[in-house]
Amino acid sequence: IIHKLCLAFAVGMKLFQDQRGMTHQLTGLLVFALAAPIGVILGILITKVLDSTALDITMFVINALATGTFIYITFLEILGPEFQTRHINQLYKTTAVVIGFALMALVFLEAVVSTQSTGDMTIMRHLQLL
């Protein structure tokens, strides 16, 4: 959920900076807003229709595509242009990125430790769907 806030902010800023007009901006917002609900519906349909092996393969491919997309957007669309400008010292930017990644790693580690201590895999399943 945390990454959706960052993603929504980044998409909003990109659309705000876009010079193609209000129609293009609203279309972008609509696509962004509908992407998650459509993904949930497709996920439910896929889990109901496919057998165990096909479901595992499909989930692997979908997770790989989602992860690759997230990494691409993070490093090439957001951080790349940010590090090309020299408005703020590069050391401050690098420190902020490292702190952000460290905080997310701590959140993940907390979930892993909590899962191991309680034996409840619900947290890990939820993190996998992020």
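## Order of elements

From the N terminus on, the elements of the chain run α-α-α-α-α. The chain thus holds five helices and zero strands, where helices (H or I, at least four residues) and strands (E, at least two) are DSSP runs numbered from the N terminus.

## Basis and confidence

This is a predicted model, in which local features need pLDDT of at least 70 and side-chain atom pairs count only at pLDDT 80 or more, while totals for chains, interfaces and linings use all residues. Residues are numbered from 1 along each chain as its sequence is written, and side-chain values use heavy atoms, with hydrogens and water left out.

The mean pLDDT of the chain is 82, and 86% of its residues reach 70 or more; pLDDT is the predictor's confidence in each residue, from 0 to 100.

## Burial and contact range

Of the 130 residues of the chain, 10% count as buried. Buried means under 20% relative accessible area, exposed over 50%, and partly exposed in between, with a 1.4 Å probe and protein chains only.

Contact means heavy atoms within 4.5 Å. Among contacts in the chain between residues at least 6 apart in sequence, 30% join residues at least 24 apart.

## Packing of α1 and α2

Helix α1 (residues 2-17) packs with helix α2 (residues 22-49) at an angle of about 165 degrees, and their axes are 9 Å apart. Axes are lines fitted to C-alpha atoms, for helices over the stretch in contact, and angles run from 0 to 180 degrees between N-to-C directions. The two helices are therefore roughly antiparallel to each other; angles under 35 degrees count as roughly parallel, over 145 as roughly antiparallel, 65 to 115 as roughly perpendicular and the rest as oblique.

On the α1 side, Lys4, Leu7, Ala8, Val11, Leu15 and Phe16 meet His24, Gln25, Gly28, Leu29, Phe32 and Ala36 of α2. The residues of this contact divide into eight nonpolar, three polar and one charged. Here Ala, Val, Leu, Ile, Met, Phe, Trp, Tyr, Cys and Pro count as nonpolar, Asp, Glu, Lys and Arg as charged, and the others, Gly among them, as polar.

Isoleucine 46 lies in helix α2 and is partly exposed, with a relative accessible area of 21%. Leaving aside neighbours within four places in sequence, isoleucine 46 is in contact with Leu55, Thr58 and Ile62.

Methionine 59 is found in helix α3 and is partly exposed, at a relative accessible area of 26%. The C-alpha atoms of methionine 59 and isoleucine 46, 13 residues apart along the chain, are separated by 9.0 Å. Methionine 59 and threonine 47 are twelve residues apart in sequence and 9.1 Å apart in space, C-alpha to C-alpha.

## Threonine 74

Threonine 74 lies in helix α3 (residues 52-84). With a relative accessible area of 17%, threonine 74 is buried. Apart from neighbours within four places in sequence, threonine 74 is in contact with Leu79 and Phe101.
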